[in-house]
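This briefing sets out the architecture of the protein displayed below. It begins with helix packing and then turns to individual helices, loops and residues.

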Amino acid sequence: MKGNPDIIAALNARMVDELTAIDQYTAHLAQVTVWQYSGLIAYLEERIVDETRHFNTLRAWIIFQGGKLTAGVLNRVNIGTDVKQMHLFDRTAEETAITLYRDLVQLCIQHKDADTRDVIEKILADEIDHLRDLEAQLTQIDQMGMQNYLSARLA
Ligand SMILES: [Fe+2]
Ligand SMILES: [Fe+2]
């Protein structure tokens, strides 16, 4: 199977984005683990599993399409210095991911590549879920205040 070069290039770029997301979420997990906010540990571990699955899916798909894997340097990783800033940085990352995966869906439509489009739409649906979760966390912080939000995540 021979993939379209523009699509392969975009897949490689999104693969680097996923690695960057893994790095950012891993740093945030390390922080909440040291701070012992138990209620945030499972949530972040789940994110890392999802983003790692996306990374692996993209890499396998590039190989399957006969594309070359390009070694990328990580994008900018934004590590929050407190829990609210962590969520804000993660929200920005998820919003960017959604925009870029939507662009990739458009590129697939343009090149009539229905198979890659299916792969990307599954990842896109996960990123939309991730964004909704972050919006909910930030709404909780606004509604109950930072101290109550964090207290609820101690046990
Ligand atoms: Fe992802
Ligand atoms: Fe995500």
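At what angle do helix α1 and helix α2 pack, and how far apart are their axes? In this predicted model, helix α1 (residues 5-34) and helix α2 (residues 38-64) meet at an angle of about 160°, and their axes lie 9 Å apart. Because angles over 145 degrees count as roughly antiparallel, α1 and α2 are roughly antiparallel to each other.

**Overall architecture**

- The protein contains 5 helices and 0 strands, and its pattern along the sequence is α-α-α-α-α.
- Taken along the principal axes, the box filled by the C-alpha atoms of the protein is roughly 55 × 25 × 20 Å.
- Of the 155 residues in the protein, 29% are buried.
- Among contacts with a separation of 6 or more, 77% join residues 24 or more positions apart.

**Packing of α1 against α2**

- The crossing in which α1 passes α2 is left-handed.
- Sorted by class, the residues in the contact of α1 with α2 are 17 nonpolar, 6 polar and 6 charged.
- Leu44 is placed in helix α2, and this residue counts as buried because 21 other C-beta atoms lie within 10 Å.
- Apart from its neighbours within four places in sequence, Leu44 has contacts with Tyr25, His28, Leu29 and Val32.
- Leu44 and Tyr25 are 19 residues apart along the chain, and their C-alpha atoms are separated by 6.5 Å.

**Packing of α2 against α4**

- Helices α2 and α4 pack at about 165°, with 11 Å between their axes.
- That angle therefore makes α2 roughly antiparallel to α4.
- The α2 and α4 pair has a left-handed crossing.
- On the α2 side, the contact is made by Arg47, Asp50, His54, Thr57 and Trp61, and on the α4 side by Thr116, Val119, Ile123, Asp126 and His130.
- By class, this contact of α2 with α4 comprises 3 nonpolar, 4 polar and 3 charged residues.

- The 30 residues of α1 should span 44 Å at 1.5 Å a residue, and the end C-alpha atoms are 44 Å apart, so the two values agree.
- Ala13 is located in helix α1.
- Ala13 counts as partly exposed because it has 15 C-beta neighbours inside 10 Å, a number between the cut-offs of 12 or fewer for exposed and 20 or more for buried.
- Between Ala13 and Gln85 there is a separation of 72 residues in sequence and, C-alpha to C-alpha, of 26 Å in space.
- After α1 comes Gln36, which is found in the loop between α1 and α2.
- The phi of Gln36 is positive, near 60°, in a residue other than glycine.
- With 10 other C-beta atoms within 10 Å, Gln36 is therefore exposed.

- The buried residues of α3 are Val83, Met86, His87, Asp90, Ala93, Glu94, Ala97, Tyr101, Leu104 and Cys108.
- Elements covering the buried residues of α3 include α1, α4 and α5 (146-151).
- Lys112 follows α3 and lies in the loop between α3 (83-110) and α4 (114-144).
- Although Lys112 is not a glycine, its phi is positive, at about 55°.
- Lys112 is exposed because 8 other C-beta atoms are within 10 Å.

Note on methods: Residues numbered from 1 in each chain as written. Chains lettered and ligands numbered in written order. Predicted model: local features only at pLDDT ≥ 70, side-chain atom pairs only at ≥ 80, totals over all residues. Axes fitted to C-alpha atoms, helices over the stretch in contact; angles between N-to-C directions. Helix = DSSP H or I, 4+ residues; strand = E, 2+ residues; numbered from the N terminus. Parallel < 35°, antiparallel > 145°, perpendicular 65-115°, else oblique. Left-handed = near helix turned anticlockwise from the far one by under 90°. Nonpolar A, V, L, I, M, F, W, Y, C, P; charged D, E, K, R; others polar. Contact = placed C-beta atoms within 7 Å. Expected span 1.5 Å × (residues − 1).
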